[in-house]
Amino acid sequence: MDNQNVVKTAVKVSSVSIILNIILSLLKLLAGIFGRSMAMLSDAIHSLSDVFGSFIVIIGVKMSQKKEDSDHPYGHDRLECLASLALGAILFTTGALLIYEGIKKVISGANISTPGTVALIVAIVSIVVKEGMYWYTKISADKINSDALRAEAWHHRSDALSSIGSLIGVSGAMLGVKILDPIIACVIGLVIIKVSYDIVKEAVDKMVDKACDEETVDKIKALILQTEGVEGLDLLKTRMFGTKIYVDVEISADGNLNLSSSHEIAETVHDSIENQFEDVKHCTVHVNPSGYQHKKSS
């Protein structure tokens, strides 16, 4: 998919998220106030953080799709990782604040009200809407291979989980276990922090040249070895650059071939990898004579 369509898809999905999250945030806020539910108020804050997250996704995807320039000859792909890091930071802060307020409420044991029916209804609506947004965003993220959009999808899923927590907390409190409401708020905070950790870890991995997954590496190896003229694979290195993959290959070929023939084999390997693996942005192929002993750099 070309850069223009990637940005268009990301903006469309994030715009839908912004509108729905604003509506849900207001509903949860009102339900938390009039329904006297701390868990619902915590959920409202979580949904509001999604709004800021969606704006970050739009900015991150737009910037990551900018073409190479003299100052950034390898492109701007890693800027999307920065967007994911920002999303992770927002989620972590949100989760930590929810836990703090929940613990404070549990310790004090004061002013724990019985939630009203309106909080229960809004929690159910939120679960359905946010789970639907998770799948809508995830499918779109996979379509354009966007980490930032994928992080936003998990933001929706964490919101759905927090709404399930709100439902449990409100239901329990309505049945007489009032302390369950702030306890669930703490559990919601822990779930949000776990999601933020996963998002940040994946973003960091892609910023420190981590190798791509083993399945992709195995497929690249098989493709290289089945290429006519290739007698062996001396070296294969992959690294993630944002959502893109860079590949370095050293192959063995008949040492008696002339330069043009060796170059043709290298070009075939190069073109095959870049054409059959759409996430591979750049591939470098070096040809060694058969029997060559690769020397590790000191």
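Visitor: Quick one to start: how many helices and strands does the protein have?
Guide: You get 8 helices and 3 strands. Keep in mind that this is a predicted model.

Visitor: And what pattern do they follow along the sequence?
Guide: Reading along the sequence gives α-α-α-α-α-α-α-β-β-α-β.

Visitor: What share of the residues counts as buried?
Guide: Of the 298 residues, 46% count as buried. On the contact side, take those with a separation of 6 or more: residues 24 or more positions apart account for 74% of them.

Visitor: OK, helix packing. At what angle do H3 and H5 cross?
Guide: Roughly 20°, and the axes of helix H3 (residues 79-108) and helix H5 (residues 147-174) come within 8 Å. That angle makes H3 roughly parallel to H5.

Visitor: Left-handed or right-handed?
Guide: The crossing of H3 and H5 is right-handed.

Visitor: Which residues make that contact?
Guide: From H3 you have Glu80, Ala83, Ser84, Leu87 and Leu91. H5 brings Asp147, Ala148, Leu149, Ala151, Glu152, His155 and Ser158. By class, the contact of H3 with H5 splits into 6 nonpolar, 3 polar and 3 charged residues.

Visitor: What about H4 against H5, parallel or antiparallel?
Guide: Helix H4 (residues 117-144) packs on H5 at about 165°, with the axes 7 Å apart. H4 is therefore roughly antiparallel to H5, since the angle is over 145 degrees. H4 passes H5 in a left-handed crossing.

Visitor: And how many nonpolar, polar and charged residues are in that one?
Guide: The contact of H4 with H5 has 18 nonpolar, 8 polar and 8 charged residues.

Visitor: Switching topic: how many residues are in the largest nonpolar core?
Guide: The largest nonpolar core has 21 residues. Those with the most contacts inside it are Ile224, Val247, Val249, Ile251 and Ile273.

Visitor: Which elements give two or more residues to it?
Guide: Helix H7 (214-225), strand S1 (232-241), strand S2 (244-253), helix H8 (259-276) and S3 each do. The largest share, 5 residues, comes from S2.

Visitor: Zoom in on Val249 for me. What does Val249 touch?
Guide: Leaving out residues up to four places away in sequence, Val249 touches Ile224, Leu233, Leu235, Leu236, Ile273, Cys283, Thr284, Val285 and His286. There is also a second, separate core of 18 residues, and that one includes Leu91, Ala148, Ala151 and Ile199.

Visitor: Where does Asn288 sit?
Guide: Asn288 lies in strand S3 (residues 280-289).

Visitor: Is Asn288 buried or exposed?
Guide: Asn288 is buried, because its relative accessible area is 3% and the cut-off is under 20%. Not counting residues up to four places away in sequence, Asn288 touches Asp234, Glu250, Ile251, Ser252 and Ala253. Ile251 also turned up among the residues with the most contacts inside the largest core.

Visitor: Last stop, Val16. Which helix is Val16 found in?
Guide: Val16 is in helix H1 (residues 3-34). With 30% relative accessibility, Val16 counts as partly exposed.

Visitor: What is Val16 in contact with?
Guide: Setting aside neighbours within four places in sequence, Val16 is in contact with Met133 and Tyr136.

Visitor: How far apart are the C-alpha atoms of Val16 and Thr137?
Guide: They are separated by 9.6 Å, while Val16 and Thr137 are 121 residues apart along the chain.

Methods
Residues numbered from 1 in each chain as written. Predicted model: local features only at pLDDT ≥ 70, side-chain atom pairs only at ≥ 80, totals over all residues. Heavy atoms only, no water. Helix = DSSP H or I, 4+ residues; strand = E, 2+ residues; numbered from the N terminus. Buried < 20%, exposed > 50% of the residue type's maximum accessible area, 1.4 Å probe, protein only. Contact = heavy atoms within 4.5 Å. Axes fitted to C-alpha atoms, helices over the stretch in contact; angles between N-to-C directions. Parallel < 35°, antiparallel > 145°, perpendicular 65-115°, else oblique. Left-handed = near helix turned anticlockwise from the far one by under 90°. Nonpolar A, V, L, I, M, F, W, Y, C, P; charged D, E, K, R; others polar. Core = buried A, V, L, I, M, F, W, Y, C linked by side-chain atoms within 4.5 Å.
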